[in-house]
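Keep the viewer open as you read.

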Amino acid sequence: MNLHEYQAKQLFSEFGVPVPEGRVADSPERAGELARQLGGGKWVVKAQVHAGGRGKAGGVKLADSPDEVAQAARAILSGPLVTHQTGPEGLPVNEVLVEQGQRIERELYLSVLVDRGRERVVFMASAAGGMEIEEVAASAPEKILSVDVNPAAGFQAYHARRLGFGMELDRNQVGQLVRIAKGLYDLFLDSDASLVEINPLIVTGDGDLLALDAKVNLDDNGLFRHKRLAEWRDPSQEDEKERLAREHDLNYVTLDGDIGCMVNGAGLAMATMDVIKLQGGNPANFLDVGGGTTSERVAAAFKLIVSDDEVRAILVNIFGGIVRCDLIAEGIISAVKEVGVKVPVVVRLEGTNAERGRRMLDESGLDLISARDLNDGARKAVAAAR
């Protein structure tokens, strides 16, 4: 789950990470009023969306007066923001963050994430802040600094000092970096985050470090421990089908193909997509209905798949281990009747009571195509889509 910048900065403040003073507005008038309350001679108005590249897309604007703040907010709130991360449809902008302007001497980069290869929490830093870190890694990998934290010992001040000296900070700034890094590490662990990022971490005109931007991604699997953070979810920033899937305990990811997939088990789902590609087709989605599949969940899965206008065929690939294949077949028949599926449906059942399940499908009177195995199912789905 992603957080908005203003939400991430609220967490930063709670863990002692310095951020600019700012307020959130949902209208141009409110933005202008907040600018007057904040004071200062310059302000920044930022679109609150779950995407990077806001500045290049017109989602970050500078203003020299409260009236200019209101005008900037009106322009940003007037429509969806399209960046290189959103796709052509963009994302709706419902709020803007109004902050006091800052004098920037240097822009740095700092983040905390999990390196699964090293099985460590890792700090990454760079003196080339303000840029996409992927661009820096590709064009100048020597500018990327990293230190990993042993979970037995936890964060130590020397971790941050190594990064600070590598970014050529002075002694006072290195001391500030130690406190900031400690706050980020504590926040990372406390909130079950998968990424905490500051880009840029600036050196102000007074020589102090300040988190000018903030990004926090949370691990969905840990949200049950964080009711307050779970309530911060913004459904307007998420794919509608993925949101509906979550309500039915389905794991769904939208792709750009034309063959809908319904599979039980994440590994089997990935293998199914691979075999579809091998047969010359393109999957329209990743959809794992889980091990405890029910008729209701199968019906919800079909509704999700057919809501994609690009889908030309559906491949159902079920291994009946925990759940019997005859129950799956019953759910498929019920769902196809209820949803009114109008595209070809290829079904491969294997496992407990598979033969009985296939017989139920054949005798259902519905236009369902049986498959002997996964390769056969993929071939038939690709042919049906064409």
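## Helices H5 and H6

H5 and H6 pack with their axes 8 Å apart and at an angle of about 130 degrees. Axes here are lines fitted to C-alpha atoms, for helices over the stretch in contact, and angles run from 0 to 180 degrees between N-to-C directions. That angle makes H5 oblique to H6; the scheme calls angles under 35 degrees roughly parallel, over 145 roughly antiparallel, 65 to 115 roughly perpendicular and the rest oblique.

Who does the touching? On the H5 side the contact is made by Ala157, Ala160, Arg161, Leu163, Gly164 and Phe165, and on the H6 side by Val174, Leu177, Val178 and Ala181. Contact means heavy atoms within 4.5 Å. By class, the residues of this contact divide into 8 nonpolar, 1 polar and 1 charged. For the classes, Ala, Val, Leu, Ile, Met, Phe, Trp, Tyr, Cys and Pro are nonpolar, Asp, Glu, Lys and Arg are charged, and the others, Gly among them, are polar.

## The model as a whole

A word on ground rules: this is a predicted model, where local features need pLDDT of at least 70 and side-chain atom pairs count only at pLDDT 80 or more, while totals for chains, interfaces and linings use all residues. Residues are numbered from 1 along each chain as its sequence is written, and side-chain values use heavy atoms, with hydrogens and water left out.

The protein chain has 13 helices and 16 strands; these are DSSP runs numbered from the N terminus, helices being H or I with at least four residues and strands E with at least two. The C-alpha trace spans about 80 × 50 × 40 Å along its principal axes. Of the 386 residues in the chain, 49% are buried, where buried is under 20% relative accessible area, exposed is over 50% and partly exposed is in between (1.4 Å probe, protein chains only). Among contacts with a separation of 6 or more, 68% are between residues 24 or more positions apart.

## Helices H9 and H13

Next up are H9 (residues 266-278) and H13 (residues 374-385), which pack at about 55 degrees with axes 9 Å apart. H9 and H13 are therefore oblique to each other, and H9 passes H13 in a right-handed crossing. H9 brings Ala271, Thr272, Val275 and Ile276 to the contact, and H13 brings Leu374, Asn375, Ala378 and Val382. That contact has 6 nonpolar residues, 2 polar ones and no charged ones.

## An aromatic cluster

Rings of Phe, Tyr and Trp (its six-membered ring) pair if their centres lie within 6.5 Å; planes under 30 degrees apart are stacked, over 60 edge-to-face and the rest tilted. That rule gives 3 aromatic pairs. In one of them, the ring centres of Phe123 and Phe155 are 5.6 Å apart and the planes are at 50 degrees, so the pair is tilted. This pair links distant parts of the chain, 32 residues apart: Phe123 is in strand E6 (residues 120-126), and Phe155 is in the loop between strand E7 (144-149) and helix H5 (157-166).

Both Phe123 and Phe155 are buried. Ring pairs join these two and Tyr185 into a cluster.

Most residues other than glycine have a negative phi, and most peptide bonds are trans. Asp192, not a glycine, has a positive phi of about 55 degrees and is in the loop between helix H6 (171-190) and E8.

Asn353 is another non-glycine with a positive phi, about 60 degrees. Asn353 lies in the loop between strand E15 (345-351) and helix H12 (354-362) and is partly exposed, with a relative accessible area of 25%.

Is Arg54 buried or exposed? At 10% relative accessibility, Arg54 counts as buried. Arg54 sits in the loop between strand E2 (43-47) and strand E3 (60-63). Leaving out residues up to four places away in sequence, Arg54 touches residues including Glu5, Lys46, Leu81 and Asp213.

Leu62, in strand E3, is exposed, with a relative accessible area of 71%. Beyond its neighbours within four places in sequence, Leu62 is in contact with Trp43 and Val44.

Methods: A crossing is left-handed if the near helix is turned anticlockwise from the far one by less than a right angle, and right-handed if clockwise.
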